[in-house]
Amino acid sequence: MKVLVLDTVHGGKILAERLQKDGNDVTAVDVYKVTPRDILSNMRNRGIRILPATPEEHFDLIIRPCHCPDSFIAPATADRIEFVSEAVHDLIKDKRFRIEITGVKGKTSTCYVLAHILDGTGKKVFLHTSRGMGPFIGGKHYVTDLQSIAPTTLIALPKGEYDILVCEVSLGGSGKADIAGITNLLEDYGIAKNTRTAEVGKKDIITEKGVTVVPENEKDLWSKYGKPIVTYGKRVSVIGVPEFAKPLKVSVEYDGTHEIELKGSYLALQYLDAMSMALEICSQMQIPVDTVLNGLRSFNGVPGRGEVSVKDGIRYLNDRNPGISHMSVGRTLSCVKELGAIDGAVLVIDPVSKKVCDKLDKDLIKQVADSYGVPMVLTPGDGSAPEIPEGVKTVVMMVKEGYQ
């Protein structure tokens, strides 16, 4: 079969090599012009034809990411054109129990909460998120490799006798997970030069053989695709008045109602939705209540995400995240306000970007910060420490970096 793969950076290399290995005549085009030369050279050495632009040829099949505009296909033609997630659906043969998580916000947090709880069952857990991939053992993620969270990575997960694979996925999925989850569609943002929306891509994660967990308020949105849907709601809620850097008392609905404390070393308020979704998935897997509650109690947050501390009387909140946007900043500042730490706060934004697709909208973020009465400091993005104004009581440091 003669196949054209458009895009060689968002997992396209994996897809092209897999198709070529299966005996297909594969051509690949770096349509975004960002793939390192050594990667293209390696693909070429494997027998894949690499072209600088889409050729004027006819193909049996053209495959492109959901975020790739249709205009990138011309002047090529094909008998069939499909998204990367559709190709992954056809190619994936991994029989290990797999959980796939997508959504606009909360993907990484949900995956980490899940991996932590499932690790407590004694099962061997593999975790792949935008922070990297590797085994999750004894409450710690041992990152062995950094790979894209594009759907194509699902067909190239490392071998190993893992009981459960927990995988964060960007746009799309395999459609063959044992359990799939969509954290939310808070903003159905435009993709492919606004010719389609995020919903079009994320719907492909909806699994055909298991259940898909979605927010209660998005049930109608996702159930229209005709696959089994289970909803999650507020399984975890706050008790009393939360305090900065202090344990958070919460009520947990899971085989009854339970009161527990979450650790104060991370911004637990920001994890409540992720925990609620993780608990719904645990319920589908029939994980014992004691294991679930112990997992929540011992959870330390995602490394680098929402870490809180107090030093010399100043409160610090540090967050390193590829998904930093006006929405995430608004959510973080709302938590800071709920913790009674918004007065005298300053927001520091470091626009570092490492293999991150979406750009930082500084103006939108400033509007959000202004609505909370919080001044914003923008760093040069060169690693230098910003100057914190005198009299500041809370420093909210948000660094936009990570692998997607």
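A: Arg49 counts as partly exposed, at 32% relative accessibility; the term covers values between buried, which is under 20% relative accessible area, and exposed, which is over 50% (1.4 Å probe, protein chains only). The model is predicted, so local features need pLDDT of at least 70 and side-chain atom pairs count only at pLDDT 80 or more, while totals for chains, interfaces and linings use all residues. Residues are numbered from 1 along each chain as its sequence is written, and side-chain values use heavy atoms, with hydrogens and water left out.

Arg49 forms a salt bridge with Glu57, and their closest N and O atoms are 3.0 Å apart. A salt bridge here is a side-chain nitrogen of Lys or Arg within 4 Å of a carboxyl oxygen of Asp or Glu. Side chains of opposite charge can pair when their charged atoms come close. Glu57 is also partly exposed, with a relative accessible area of 23%.

Another salt bridge joins the side chains of Asp94 and Arg96, at 2.7 Å from N to O. Both of these residues, Asp94 and Arg96, are buried.

Lys234 and Asp273 likewise meet through their side chains in a salt bridge of 2.8 Å, N to O. This pair links distant parts of the chain, 39 residues apart: Lys234 lies in the loop between strand E15 (229-232) and strand E16 (236-238), and Asp273 in helix H7 (residues 272-284). Helices (H or I, at least four residues) and strands (E, at least two) are DSSP runs numbered from the N terminus. Lys234 is exposed, with a relative accessible area of 61%, whereas Asp273 is partly exposed at 38%. Salt bridges that share partners also join Lys2, Arg49 and Glu57 into one network. By the rule given above, the count of salt bridges comes to 17.

The interior can be described through its nonpolar cores. A nonpolar core is a set of buried Ala, Val, Leu, Ile, Met, Phe, Trp, Tyr and Cys residues joined through side-chain atoms within 4.5 Å. The largest core has 63 residues, of which Ile99 and Leu262 touch the most other members. Leaving aside residues up to four places away in sequence, Ile99 touches several residues, among them Leu114, Ile164, Val166 and Met285, where contact means heavy atoms within 4.5 Å.
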